[in-house]
Amino acid sequence: MLPRRRSRWDIPGSLRTLGLAACAGLVVSASDGGRRAAAQEPALPEEFEKPKRHFKIDRPAELSGAAALTVYMRVIDDMTAGYRLSGDRSAGAYRTWRRYNETPYRSATHGQRFVNNYANTLAKAYGRYEDAGDLPKGAVLAKDSFAVTARGDVFSGPLFLMEKMPAGFSPKSRDWRYTMVMPDGSLFGRTEGDGSGRVEFCIACHESAGAENDHLFFVPEEHRVRIHSLQPQGE
Ligand code: HEC
């Protein structure tokens with residue numbers, strides 16, 4: 001008998017709320033025992049207190065996919081320049097990887113921000129979505145984000161990374177290392193690294209995607225890029 005496949009959106013309500021709260025900056029220091037690393041501390045609040053305006057757009061509520069893409073193309077240089085300051089290799093390189101969504105879409109689980117999903121070469125099976133199987137060591141998925149406020153201001157959001165580490169790295173996360181890089185390049189948290197407790201909520205939610213999906217949710221169907229050459233080719 002086949003196991004029941006969980007829907008991508010079959011996420012416990014409490015985790016959904018936590019995800020939103022985290023992305024809105026409400027979980028800072030929740031599980032970090034008060035430890036403060038200079039590089040991590042101010043990130044989220046500062047983003048809101050001293051927002052860095054890129055530019056303003058009209059009628060954000062009616063942002064079509066094409067309009068979201070136009071906004072994205074105008075802010076991506078600034079976004080990646082910020083992420084790159086983290087010194088993280090993927091944060092500096094992801095922009096050259098393949099993108100798996102046609103246009104930026106709003107992610108309820110990542111703070112209602114507009115997001116994009118990229119995968120490096122080792123993670124190319126990601127393009128087979130639910131048929132991807134277990135991704136190999138070295139596979140990296142990157143999700144960048146930006147927010148458009150009701151008034152039409154555009155801000156960069158965090159960069160969300162998942163990297164498949166060597167077997168045994170973290171059984172709980174299926175050896176995925178989760179990293180959240182703030183728009184200014186500061187590191188919010190990283191599994192088994194600085195601020196590990198701050199990214200535990202990532203594992204908790206991604207777990208609900210199921211082991212059969214290697215904890216991946218994939219791009220929502222309506223936003224998937226159609227690349228026919230990515231279909232399995234009988235290898
Ligand atoms: C409340 C649930 C939830 C939380 C919390 C969450 N995610 Fe996700 N994540 C999703 C969903 C759903 C998708 C796919 C749809 C989308 O883009 O919104 C996704 C997609 C991703 C992807 C693309 C790979 C994939 O699964 O398709 C990355 C990378 C990612 N998340 C990283 C993170 C990181 C890092 C954190 C923590 C800082 C995090 N996520 C927290 C639900 C969550």
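Two residues are in contact if their C-beta atoms, placed from the backbone, lie within 7 Å. Keep that in mind for Leu-141. Leu-141 touches Asn-117, Ala-119, Ala-123, Tyr-126 and Met-162, leaving out residues up to four places away in sequence.

Some ground rules. This is a predicted model: local features need pLDDT of at least 70, side-chain atom pairs count only at pLDDT 80 or more, and totals for chains, interfaces and linings use all residues. Residues are numbered from 1 along each chain as its sequence is written.

Now the overall picture. The protein has five helices and eight strands. Helices here are DSSP runs of H or I with at least four residues, strands are runs of E with at least two, and both are numbered from the N terminus. The order along the sequence is α-α-α-α-β-β-β-β-β-β-β-β-α. Take the contacts with a separation of 6 or more: 61% of them link residues 24 or more positions apart.

On to burial. A residue counts as buried if 20 or more other C-beta atoms lie within 10 Å of its own, exposed if 12 or fewer, and partly exposed in between. Of the 235 residues, 35% are buried.

Next, the core. A nonpolar core is a set of buried Ala, Val, Leu, Ile, Met, Phe, Trp, Tyr and Cys residues joined through C-beta atoms within 7 Å. The largest one has 39 residues, and Ala-123, Leu-141, Ala-142, Leu-159, Leu-161 and Val-181 touch the most other members. Elements giving two or more residues include α3 (65–84), β3 (113–119), β6 (159–164) and α5. The largest share, five residues, comes from β4.

So what surrounds β4? Eight of its nine residues are buried, so β4 is largely enclosed by the rest of the structure. Strands pair if DSSP finds at least two bridges between them. β3 and β4 run antiparallel, joined by six bridges. There, Val-115 stands opposite Ser-145 of β4. β4 and β6 are also antiparallel, over four bridges. Ala-142 has Leu-161 in β6 as its bridge partner. Three bridges join β4 to β5, again antiparallel. Phe-146 faces Ser-156 of β5 across that pairing. The β4 and β5 hairpin has five residues between the strands, and Gly-152 takes a positive phi near 95°.

Last, helix α5, residues 200–207. Which residues of α5 are buried? Phe-201, Cys-202, Cys-205 and His-206. They cover an arc of only 125° around the axis, which puts them on the same side of α5. That arc is taken from the directions from the helix axis to the C-beta atoms.
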